[in-house]
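These are my notebook entries on a structure I had not looked at before. I wrote down what I looked up, in the order in which I came to it.

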Amino acid sequence: MFRTVACLAVRNLTRPSCIRRLAATPKPIDQLGDLTRSFSTLLRIGNASGQLRTPFTVTAQQSCILNSVPSPATAPLQQAPVRTVIKFSMRSGKRKSVKPVIKRFKRLDWGGWIRTKAGRHKHMWKKSAARKRRLRQHVLVNSQQATLLDKMVTKYWKRPRFYINDPYTPYHTREEFRETRRKPMKY
């Protein structure tokens, strides 16, 4: 717990002041028009005063920030989680891997990705034995998903890994296809 608190304190100190200010003060929304405004509309409102504004200093309406109290009706809408790739990190300038991909999928040496089935631990009491057996099996993702997952991880995670008693050893080679074959075909 101390480590988490220390990391948050260091991150807050190294954050630029304009971002720190935006993170510290939530901006409530008091009109339906504020929800439907696009980013370009906000930039036009900000440039009406004649000064150039960056995306970090764009605010909704100054009046709704000063004299409104957040209520359940005006609370900000919840957003769905986003799995975007960071192409240039702030600290080192390098590409970063998406951590949920590393956690949920495994890349095989020939380039395929496997995953477990959804709901494999839920409501086991009402599933048949055949269905439980199918849920224990892994599933290959299709080619579009494999390409997308390759873009979401760095070269480090694409390298072959060699573990002692690896249960995935028979699946790391795929000799039946010409593109993934390692040994020459016998005629």
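Entry on His123. I looked up the place of His123 and found it in the loop between E2 and helix H7, the latter spanning 129–136. I kept in mind that this is a predicted model, and then turned to the backbone, where phi of His123 is near 50°, a positive value in a residue other than glycine. Is His123 buried, partly exposed or exposed? I noted it as partly exposed, because its relative accessible area is 45%, and that value falls between the limits of 20% and 50%.

Entry on Asn165. I then went to Asn165, which also is not a glycine and has a positive phi of about 55°. I located Asn165 in the segment after helix H9, which covers 155–158. Asn165 counts as exposed because its relative accessibility is 73%, and exposed begins over 50%.

Entry on the chain as a whole. I stepped back to list the elements and recorded nine helices and three strands in the chain. Read from the N terminus on, the order of these elements is α-α-α-α-α-α-β-β-α-β-α-α. I also noted that 16% of the 187 residues of the chain count as buried. For contacts between residues at least 6 apart in sequence, I wrote down that 53% join residues at least 24 apart.

Entry on the sheet. In what order do the three strands of the open sheet lie? I found the order E1-E2-E3, with antiparallel pairing. The edge strands are E1, residues 105–107, and E3, residues 138–140, and each of them pairs on one side only.

Entry on the strand pairs. I followed E1 into E2 and saw that the two form a hairpin with five residues between them, and that Gly111 in the turn has a positive phi of about 110°. The antiparallel pairing of E1 with E2 runs over three bridges, and I traced one from Lys106 to its partner in E2, Ile114. On the other pairing, I noted that E2, residues 113–116, and E3 are joined in the antiparallel sense over three bridges. Here Ile114 has Leu140 as its bridge partner in E3, while Thr116 stands opposite His138 in E3.

Entry on the nonpolar core. Which residues make up the largest nonpolar core? I listed eight residues in all, namely Val98, Val101, Trp113, Val141, Ala146, Leu149, Met152 and Val153. Helix H8, residues 143–152, gives the most to this core, with three residues.

Entry on Val98. I placed Val98 in the loop between helix H5, residues 62–66, and helix H6, residues 99–104. Val98 counts as buried because its relative accessibility is 7%, and buried means under 20%. When I left aside the neighbours of Val98 within four places in sequence, its contacts were Arg83, Thr84, Val85 and Met152. I also looked up Val98 against Leu149, which lies 51 residues away along the chain, and noted that their C-alpha atoms are separated by 9.1 Å.

Entry on the aromatic residues. How many aromatic pairs are there? I counted one aromatic pair. This pair is formed by Tyr156 and Trp157 and is edge-to-face, with 5.0 Å centre to centre and 90° between the planes. I checked the accessibility of both partners: Tyr156 counts as partly exposed because its relative accessibility is 42%, and Trp157 counts as partly exposed because its relative accessibility is 32%. Last, I looked at what lies over the face of Tyr156 and found Arg161 there, at 4.5 Å from the ring centre.

How values were computed
Residues are numbered from 1 along each chain as its sequence is written. This is a predicted model: local features need pLDDT of at least 70, side-chain atom pairs count only at pLDDT 80 or more; totals for chains, interfaces and linings use all residues. Side-chain values use heavy atoms; hydrogens and water are left out. Rings of Phe, Tyr and Trp (its six-membered ring) pair if their centres lie within 6.5 Å; planes under 30 degrees apart count as stacked, over 60 as edge-to-face and the rest as tilted. Buried means under 20% relative accessible area, exposed over 50%, partly exposed in between (1.4 Å probe, protein chains only). A charge sits over a ring if NZ of Lys or CZ of Arg is within 6 Å of the ring centre and within 35 degrees of the ring normal. Two strands pair if DSSP finds at least two bridges between them. Helices (H or I, at least four residues) and strands (E, at least two) are DSSP runs, numbered from the N terminus. A nonpolar core is a set of buried Ala, Val, Leu, Ile, Met, Phe, Trp, Tyr and Cys residues joined through side-chain atoms within 4.5 Å. Contact means heavy atoms within 4.5 Å.
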